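User: I would like to go through this model with you. Could we take it step by step?

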Amino acid sequence: MTGNIVGNWRIGLVAAVLLLLVGCGGGEDGLTRVQQGNLDGVLHFGNGTEPEGLDPHIVTGVPENRIVSALFEGLVTKNPETLEVEPGVAETWEISEDGTLYTFHLRDNARWTNGDPVTAVDFHWSWNRILEPELGAQYNYNLFPVVNAEEYANGTIEDFSQVGVTVLDDYTLQVQLKTPTPYFLQLLDHYSTFPVHRPTIEAYGTMSDRLSPWARAGNMVSNGAFDLTEWQINSHIRVEKNDTYWDADEIDLNAIVFYPTENLVTEDRMFRDGQLHRTQEIVLDRIPVYRAERPEIVHIEPWLGTYFYMFNTTKPPFDDVRVRKALAMSIDRNLLDESVMQGIVEPAYALVPPGTLGYQPPKTFEQSADRARELLAEAGYPNGEGFPEFEILYNTQESHRRMAVAIQQMWASELNIMVTLVNQEWKVYLENQDNLNYDISRRGWIGDYVDPNTFLDMYVTDGGNNKTGFSDPRYDEIILREAPATLDRDARYELYREAETILMEAMPILPVYTYTTKHLIDPSVKGMPVNIMDHVNYKYIWLDPDA
Amino acid sequence: MWRFIAFRTLQAIPVILTVITVTFFLVRVAPGGPFSSEKAVSPQVEAALERQYRLDLPMYQQYFTYLADLAQGDMGPSFNFPGQRVDELILQGLPITAELGLYAMLVAVVIGVLAGVIAALKPNSIQDYIPMSLAMVGICMPTFLLGPLLVLVFGIWFDWLPVSGWGSSPGDKILPSITLGAMYAAYIARLSRSGMLEVLSQDYMRTARAKGLPGHVVVIKHALRGGLLPVISYLGPAFAGLLSGSFVVETIFQIPGLGRFYVQAAFNRDYTMILGTTTFLATLIVLFNLLSDFLAAWLNPRLRYQFSKGK
């Protein structure tokens, strides 16, 4: 029939169009983005989520940090192998006997990307900016060890000259601390303490204007190893080697392109397709496959972070320490590691991850279902009888659900108690935690700097990050007064061990495992060691096309 | 006809205003705020943040300030991207989403109309069943399944096409366009099949054949015009749907379009961004519905007649 002829003719046309489209798409030159990058010295970096911004004083996230630390440099930087501080803008520094007075000698060849010298005045103005109450900088507390910094940020004093930061001359900056804060140098590699370029900020707004566009490509002036050249939101951020950087001769990379890779599966495909040198994550289910087929690209290392559950200690039955202990002792962390986490994590029995620059957390309890049942019986629930129904709250994510299901099973079989699982969208989950509107909630914490304090100061009485109702006067005394005043590292760690023992004996939290960082890294990437902070120092990276 | 256009346009204004008002208050009663984060925020910092975004004003005042700004084309600063304005972000994402929508539409129309026409020419035969079953699969298959499947086959196994990106490597626009267009192609196939069937059974078709016109001329010149009417009135809403519904495809393929802004904004409680994108998309949807109404009225004498007499 005529209809058939028409149909066939059309089908042919469609086939032709489709073939044409497909033909256009073939990578005829044969080089993937990674291979091309290896030749051009361009690193393609999967960076998790889209950064909210690049103003070092306003951003708060990890993806932001990884870009900001390529663009700016603080007084010190960190060695990617050891995480010990190395000179940054400051060439040398002295610390007074009592550990409270720091004198930084800035190098005279540090430059902004527009050629201006980086001086002590820049740091003074920048620290003033982040402490400015109107800016609303969430990480301003990193400078609170400095005399009067907290008072200025809270508005109790209004004269910044009373804050313990003094410009002795263009290249000498003096910082007076309230108490010797042994991890203070570590903080100076945190973006909240980075310098920003005053003339640029004032060209686009005032000192405390959050909404100013100064930190965009084309506007930004920075002082780091790289210069911001392109930023297309939700697509990529490109930074290029900054020739005015004082150590530019040592930089091998010509450029870095950061990609927001929110969707883990997409990121995985991008890596397999040769579009990324490095992924931010590895899809959990694919780990065994990669380990078997391409072990050289799998990089799984301990991370300075703990995955835990927390109890609402203001609410029965979790106001009873015996109940909390029973729940903590009855879960089999090794089994959770094997069954849920593909065997890549370390079971945790305390809050601080082991090996935080030499600190070893106490182990106050062992897994013991028998002891757990005894404790539960002592608390008035023999064999789980009469135990009220309760909920585990977690933010919506598949891996958290799997963990909660496994723990639910363990409590049911070992203690004969029933728990329901509740997942909530991130912001709702946060709000319910803040209001102590939960029974047990999943939580994680990643350290800001390498010191036990970044974990332990969460649980001071009424601390903003406490969220459990836990309170202990001796604990507060150690964390707030004794430890910060103790100069000797061993003595201080001893105090932290005492505090952490108090915490774990009261058990407002139930540690589950120590986080690991999981990256796929192309073998061509050299000089990017994986470390406990997941810290990347781009100065050390080079690409080897022959690897 | 002009009365019809004026009437429908006026009708659109209260619709858009209602969308703005409802969205404005809904986002503010949603639990969690734009500044809540995992790390505690001190009260001083929170107060400063609220002042910077005028959240310290009474609610009604915020509402009227917002409306006044909006009337001047200012959608306010984004909460989630400090230093970026909502209107700028929308303008940045729109061309990409529109381009994606356009290609998806092209895919949908070409494949859909062809499949529908082919099926209608020989109803209840194998030539009908195959395209229509495929269309059924297309309607049922969600984009979050189709996208990764296409990527797996054409991106990873055959290695013909890039697995992600938009305009950064040759051919990377093909898979997203097909993924997004597939469902609409399926709808269009069913619509054009039924439209064609109705037309093909009309008397004037027999007349056309009887006067000895070749088959393809009959179909293309006479049948298509009437048979595709339902498709045309579907195009407006479909295009609006493509623009507002591209989020999943944009996420799968790492495309920096409007859809991702929209959904990210909701999760982050980026009040101004939620409002801006919702208002913008609502306006678009209303606009496209209007356009397709006008187009249908212009093409369909029956409707045109009804309006010039009735209202």
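User: Among contacts in chain A between residues at least 6 apart in sequence, what percentage join residues at least 24 apart?

Analyst: The figure is 66%. Two residues are in contact if their C-beta atoms, placed from the backbone, lie within 7 Å. Please note that this is a predicted model, in which local features need pLDDT of at least 70 and side-chain atom pairs count only at pLDDT 80 or more, while totals for chains, interfaces and linings use all residues. Residues are numbered from 1 along each chain as its sequence is written, and chains are lettered from A and ligands numbered from 1 in the order in which they are written.

User: And how many helices and strands are there in chain A?

Analyst: Chain A has 17 helices and 18 strands. Both are DSSP runs numbered from the N terminus: helices are H or I with at least four residues, strands are E with at least two.

User: Which domains is chain A divided into?

Analyst: They are domain 1 (1–53 + 224–279 + 521–547) and domain 2 (301–517), with bounds from an automatic or database domain assignment. Their centres, taken over C-alpha atoms, are separated by 39 Å. The contact between them takes 4 residues from domain 1 of chain A and 7 residues from domain 2 of chain A.

User: Turning to chain B, how many helices and strands are there?

Analyst: Chain B has 14 helices and 0 strands. Its C-alpha atoms fill a box of roughly 85 × 60 × 30 Å along the principal axes, and 44% of its 311 residues count as buried.

User: How far does helix α3 of chain B reach?

Analyst: Helix α3 (residues 59–71) of chain B reaches 18 Å from its first C-alpha to its last, close to the 18 Å expected for its 13 residues. The expected span is 1.5 Å times one less than the number of residues. α3(B) is followed by Gly73(B), which has a positive phi near 80 degrees.

User: How many residues of chain B are in contact with chain A?

Analyst: In chain B, 51 residues are in contact with 54 residues of chain A. On the chain B side, α4(B) gives the largest share, 7 residues. By class, that side has 29 nonpolar, 17 polar and 5 charged residues. Here Ala, Val, Leu, Ile, Met, Phe, Trp, Tyr, Cys and Pro count as nonpolar, Asp, Glu, Lys and Arg as charged, and the others, Gly among them, as polar.

User: Which residues have the most contacts inside the largest nonpolar core?

Analyst: They are Leu71(A), Leu106(A), Ile256(A), Leu456(A), Ala185(B) and Ile188(B), in a core of 227 residues. Such a core is a set of buried Ala, Val, Leu, Ile, Met, Phe, Trp, Tyr and Cys residues joined through C-beta atoms within 7 Å. Helix α4 (residues 86–121) of chain B gives the most to this core, with 18 residues.

User: Why does the core lie between domain 1 and domain 2 of chain A?

Analyst: Both domains of chain A give residues to this core, so the core lies between them.

How values were computed: Buried ≥ 20, exposed ≤ 12 C-beta atoms within 10 Å, placed from the backbone.
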